[in-house]
Amino acid sequence: MIFIDACFKKSTPYTPVWMMRQAGRYLKEYMQVRELAGDFLSLCKDYKKASAVSLQPVEILAVDAAIIFSDILVVPLEMGMDLKFEKGEGPVFANPICTKEELEKLEIQKAVKKLSYVYDALKLTREKLAKDKALIGFCGSPWTLATYMIEGRGSKNYAQAKKMLYQNPEFLHALLRKLSEVLKFYLEEQIKAGANAVQIFDSWASALEKEAFFKFSFQYMLEISDFIKAKYPHIPVIIFPKGISGYLDEIEGNFDVFGVDWSTPLQLAKDKLSPQFTLQGNMEPCRLYDKNAIKQGVEEILKIMKARSHIFNLGHGILPDIPVENAKYFINLVQRLSQK
């Protein structure tokens with residue numbers, strides 16, 4: 001698999017490419033399946049439909065890897081929290097975590113078992129996916145999950161989570177430890193079900209100042225990665241901490257690929273982190289609105305990453321109103337221009 005080879009810094013015939021959120025609303029085929037499912041969570045829990053939409057970008061765009069369709073928040077949902085996706089507002093937890101009693105009620109082993117619909121979707125997808133295409137499993141980082149669980153929903157300033165971080169760090173560490181434990185087993189089950197690589201998304205890393213990032217986020221991602229690499233050294237681990245360009249000097253650990261977000265200069269990431277890690281990213285997603293912007297972005301990134309291990313991706317998820325023709329153009333252009 002070209003994607004896996006790139007993760008392990010092996011020579012590849014061209015730069016492999018996929019997109020975060022590639023199974024999503026910009027595809028009419030996805031919208032048709034989602035309408036049949038009824039709502040977002042129902043789609044996540046219907047393993048046959050989740051598999052179908054996971055495969056769509058491979059079939060339509062010819063990306064080099066599929067990522068299983070799911071959501072990072074199914075983990076706290078199955079740990080015992082009440083999750084709903086409200087129109088115009090996104091995910092909402094009716095019972096945010098703020099007491100020791102609430103924390104103790106969160107279940108690890110039951111959650112791992114109840115997430116079987118994710119493993120079923122992975123198994124089915126791996127069976128249907130071409131052998132030369134990789135299948136990526138994923139989870140949210142403990143810090144990112146904790147922000148939703150404490151705030152009750154998405155946040156602009158993470159005031160409640162950060163208030164806890166400074167006023168009651170012991171409680172926050174207890175929550176992060178519990179999340180780390182469930183995520184280790186969750187990723188392990190994904191690997192057993194057929195995932196060829198796993199990615200840990202830290203979407204809200206940039207909410208933390210440097211010391212807090214390493215103490216409350218990065219160390220837990222490394223703990224999860226260490227667990228996976230010790231048991232499954234042949235499985236690449238990708239970490240994606242968004243918005244931490246100022247902290248790159250101190251990034252090290254037992255993982256394979258570092259995802260670079262679009263706000264981080266790729267040359268900076270290359271200077272600091274390559275060749276220690278394969279870099280993934282980092283084109284600005286909004287470039288996909290215009291083919292000239294796509295061409296300019298692709299050429300610039302390929303020039304920077306020439307002769308270094310690289311997986312092409314957007315610097316965050318593809319937006320829902322991107323024209324499909326532009327997404328196809330992007331994928332094809334990367335594969336064609338990067339031919340060795």
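Q: Which residues of strand 5 point one way and which the other way, and are they buried or exposed?
A: A197, Q199 and F201 point one way, V198, I200 and D202 point the other way, and all are buried. Buried here means under 20% relative accessible area, exposed means over 50%, and partly exposed is in between, with a 1.4 Å probe and protein chains only. Strands are DSSP runs of E with at least two residues, helices are runs of H or I with at least four, and both are numbered from the N terminus.

Q: Before we go on, what kind of model is this, and how are residues numbered?
A: It's a predicted model, where local features need pLDDT of at least 70 and side-chain atom pairs count only at pLDDT 80 or more, while totals for chains, interfaces and linings use all residues. Residues are numbered from 1 along each chain as its sequence is written, and side-chain values use heavy atoms, with hydrogens and water left out.

Q: OK, back to strand 5. How many of its residues are buried?
A: 6 of the 6 residues in strand 5 (197–202) are buried, so the strand is largely enclosed by the rest of the structure.

Q: Which strands does strand 5 pair with?
A: Strand 4 (residues 134–140) pairs with strand 5 in the parallel sense over 5 bridges, and 5 bridges also join strand 5 to strand 6, again running parallel. Pairing needs at least two DSSP bridges between the strands. I136 stands opposite A197, and Q199 stands opposite I238 in strand 6.

Q: And what about strand 9, is it covered or open?
A: Mostly covered: 5 of the 5 residues in strand 9 (310–314) are buried. H310, F312 and L314 cover one side, with I311 and N313 on the other. Strand 9 runs parallel to strand 8 (residues 278–283), joined by 5 bridges, and N313 is the bridge partner of N282.

Q: Switching to helices, where is Q190 and what does Q190 touch?
A: Q190 is in helix 11 (residues 169–193) and is buried, with a relative accessible area of 0%. Skipping residues up to four places away in sequence, Q190 touches V118, Y119, L122, G137, F138 and A195. Contact means heavy atoms within 4.5 Å.

Q: Which helix holds Y30?
A: Helix 2 (residues 28–37). Y30 is buried at 2% relative accessible area, and its contacts beyond four places in sequence include F40, L43, V53 and F69.

Q: Zooming out, how many helices and strands does the protein chain have?
A: 15 helices and 9 strands. The radius of gyration is 19 Å, close to the 20 Å from the globule rule for 340 residues, so the chain is as compact as a globular protein of that length. That radius is taken over C-alpha atoms, and the rule is 2.2 Å times the number of residues to the power 0.38.

Q: What share of the chain's residues is buried?
A: Buried residues make up 58% of the 340.
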